[in-house]
Amino acid sequence: MTLLDIFPSLRATTVPRLDPAVWPADTHYDPDGRITLGAVALADIADQFGTPVQVVDEAEVRERCRAYRKHFPDAEIVYAGTALMVGAVARWVADEGLSVQVGSCGELSVALAAGIDPRRIVLHGNGKTLDELKSAVRAGVGRIVVGSLTEITLLTALATQPQQVLLRVATGIDVPGGDQFGFPLGSRSFETAVARIAGRCNLQLVGLHCHLGPQIHNPDHYGEAIRRMIGEMSWIDHEYGLLLSHLDIGGGHAVAYRSGDAELNLHDLADILDDALDAGCARHRFPRPVLAMEPGRAIVARAGVTLYRVLAVTETTDGGTRVIVDGGGCGRSGGHSGAVVVNRHPTGAQLTASIAGKHSESGQLIATDVRLPADLRPGEILAVPCTGAYHHGLASTYSTVGRPPIVAVADGRATQLLRRETTADLLMREILE
């Protein structure tokens with residue numbers, strides 16, 4: 001029994017807990033009661049760069065990369081750049097030994113501009129245009145994942161020297177929300193794709209690729225995918241004499257957005273993958289391939305925190321409280337773990353509120369059931385955690401409002417990575433006569 005059990009009234013003065021499952025590890029309160037990240041007060045960032053603003057903790061990104069390298073020392077870790085493709089982030093992950101996956105000409109351009117070795121870039125995507133394939137071949141990217149017969153035809157016409165490719169397959173594994181793009185394993189289209197690549201001297205089939213789906217927390221799904229894919233790799237070896245060396249199990253590693261959400265445990269995943277490789281290779285007498293995986297969300301989600309300024313505190317029709325802030329939700333609206341006041345250390349009574357952006361006419365909320373100070377005032381700064389993945393990429397210019405900047409923090413310094421998009425930027429697209 002604790003003092004809080006004996007004296008429930010003390011709960012009103014307890015310190016809000018920053019859940020390490022959704023906040024960067026280096027998030028602290030400073031002596032003035034303000035929340036800091038990377039030894040920088042978040043309130044100071046809001047004052048310097050304005051709000052809304054997305055903050056990314058460099059140390060958290062690097063630590064997540066190192067965790068993958070530690071748990072999977074023999075695997076190739078490929079950062080799925082669509083989660084957050086910014087030049088600085090691409091450099092951070094490359095510095096930590098990761099390759100980079102891109103899904104468009106734009107992402108490829110960012111990676112190349114950041115100085116990423118093209119041989120460490122993988123071009124991905126459910127459907128790739130002629131321009132995207134042409135840009136990738138011209139840049140000399142290391143591997144291209146092909147998922148249709150059309151892409152094989154286009155690459156055959158474009159590649160002037162042997163281009164390494166991975167064949168994207170649909171494993172047939174039943175995963176909630178699963179993404180089954182690609183050639184179904186064992187299907188006629190799969191066999192046709194293998195035959196077409198095998199007959200081309202300028203395409204080199206080096207392995208198979210799959211993407212099981214998003215937010216997967218059960219590692220057994222990946223183990224089953226490995227066993228099925230090794231069976232097909234063995235068939236390709238026997239049928240065409242092509243010994244494939246790469247097995248890419250994609251990404252989809254689950255992260256927590258709310259306290260108590262299930263996450264993918266890397267230690268458990270490592271054990272499952274190792275056992276599956278041993279079993280699959282022994283069964284088919286197939287040499288152990290190089291394993292690759294593509295975490296994106298799992299690298300950057302927890303590293304991101306988005307800051308908003310409170311515009312108003314209002315009452316809802318059901319007697320609840322709604323806080324209006326100066327930005328809009330995106331990525332996972334309504335699914336976040338909540339928000340906290342960053343400019344002070346609240347010690348008084350709290351209330352439960354929902355948070356809405358200034359453009360949320362349709363009722364879309366940034367967060368729900370958030371515990372906030374009962375005396376919350378307009379002008380104060382709120383931080384929403386776990387917004388590093390897709391939050392920027394899915395941002396829009398709804399209501400002709402520019403997208404927010406991205407600011408990196410590290411060792412007591414705040415560095416702007418992307419500036420705020422201005423009305424002038426948006427007007428440049430207008431063609432007025």
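**Figure 1. Arginine 143 and glutamate 76 are both buried.** Buried means under 20% relative accessible area, exposed over 50%, and partly exposed in between (1.4 Å probe, protein chains only). The model is predicted: local features need pLDDT of at least 70, side-chain atom pairs count only at pLDDT 80 or more, and totals for chains, interfaces and linings use all residues. Residues are numbered from 1 along each chain as its sequence is written, and side-chain values use heavy atoms, with hydrogens and water left out. The side chains of arginine 143 and glutamate 76 form a salt bridge, 2.7 Å from N to O. Arginine 143 sits in strand S8 (residues 143-146) and glutamate 76 in strand S5 (residues 76-80), so the pair ties together parts 67 residues apart in sequence. A salt bridge here is a side-chain nitrogen of Lys or Arg within 4 Å of a carboxyl oxygen of Asp or Glu. Strands (E, at least two residues) and helices (H or I, at least four) are DSSP runs, numbered from the N terminus. By the salt-bridge rule, the count comes to 20.

**Figure 2. Strands S8 and S9 run parallel, joined by three bridges.** Two strands pair if DSSP finds at least two bridges between them. Isoleucine 144 stands opposite valine 165 in S9. Strand S9 (residues 163-170) is mostly covered. Seven of its eight residues are buried.

**Figure 3. Glutamate 96 and arginine 66 meet in a salt bridge.** The N to O distance is 2.9 Å. Glutamate 96 lies in the loop between helix H4 (87-95) and strand S6 (99-102), and arginine 66 in helix H3, so the pair ties together parts that are 30 residues apart in sequence. Glutamate 96 is buried, at 15% relative accessible area. Arginine 66 is partly exposed, at 42%.

**Figure 4. Arginine 344 forms a salt bridge with aspartate 375.** Their closest N and O atoms are 3.0 Å apart. The pair links distant parts of the chain, 31 residues apart. Arginine 344 is in the loop between strand S16 (340-341) and strand S17 (350-357). Aspartate 375 is in the loop between strand S18 (367-373) and strand S19 (381-385). Arginine 344 is buried, with a relative accessible area of 18%. Aspartate 375 is partly exposed, with a relative accessible area of 42%. Elsewhere, salt bridges that share partners join Glu58, Arg62, Arg66, Asp95 and Glu96 into one network.

**Figure 5. Helix H10 (residues 266-284) buries one face.** The helix has 19 residues. From first C-alpha to last, H10 reaches 27 Å, close to the 27 Å expected at 1.5 Å a residue; the expected span is 1.5 Å times one less than the number of residues. Leu266, Leu269, Ala270, Leu273, Ala276, Leu277, Gly280 and Cys281 are buried. The arc is that of the directions from the helix axis to the C-beta atoms. An α-helix has 3.6 residues a turn, so residues three or four places apart point the same way. The face turned away from the buried side of H10 carries exposed Ala282 and Arg283. The buried residues of H10 pack against helix H3 (58-71), H9 and strand S13 (290-293).

**Figure 6. Asparagine 265 and arginine 285 flank H10.** At the start of H10, a side-chain oxygen of asparagine 265 reaches to within 3.0 Å of the backbone nitrogen of histidine 267. Arginine 285 follows H10, with a positive phi near 50 degrees.

**Figure 7. Histidine 221 is buried in helix H9 (residues 220-240).** Its relative accessibility is 18%. Leaving aside neighbours within four places in sequence, histidine 221 is in contact (heavy atoms within 4.5 Å) with Ile173, Asp174, Val175, Leu212 and Ile216.

**Figure 8. Arginine 196 lies in helix H8 (residues 188-198).** At 38% relative accessibility, arginine 196 counts as partly exposed. Not counting residues up to four places away in sequence, arginine 196 touches Leu149, Ile152 and Thr153.

**Figure 9. Three strands form an open sheet in the order S1-S2-S3.** Pairing is antiparallel. Strand S1 (27-29) and strand S3 (40-41) stand at the edges, each with a single partner strand, so one side of each is left without a neighbour in the sheet. Strand S2 (residues 35-37) pairs with S3 over two bridges. Threonine 36 stands opposite alanine 41 in S3.

How values were computed
A polar contact is a pair of N or O atoms within 3.5 Å; within protein, one must be able to donate a hydrogen and the other to accept it, and residues adjacent in sequence count only if both atoms are side-chain atoms.
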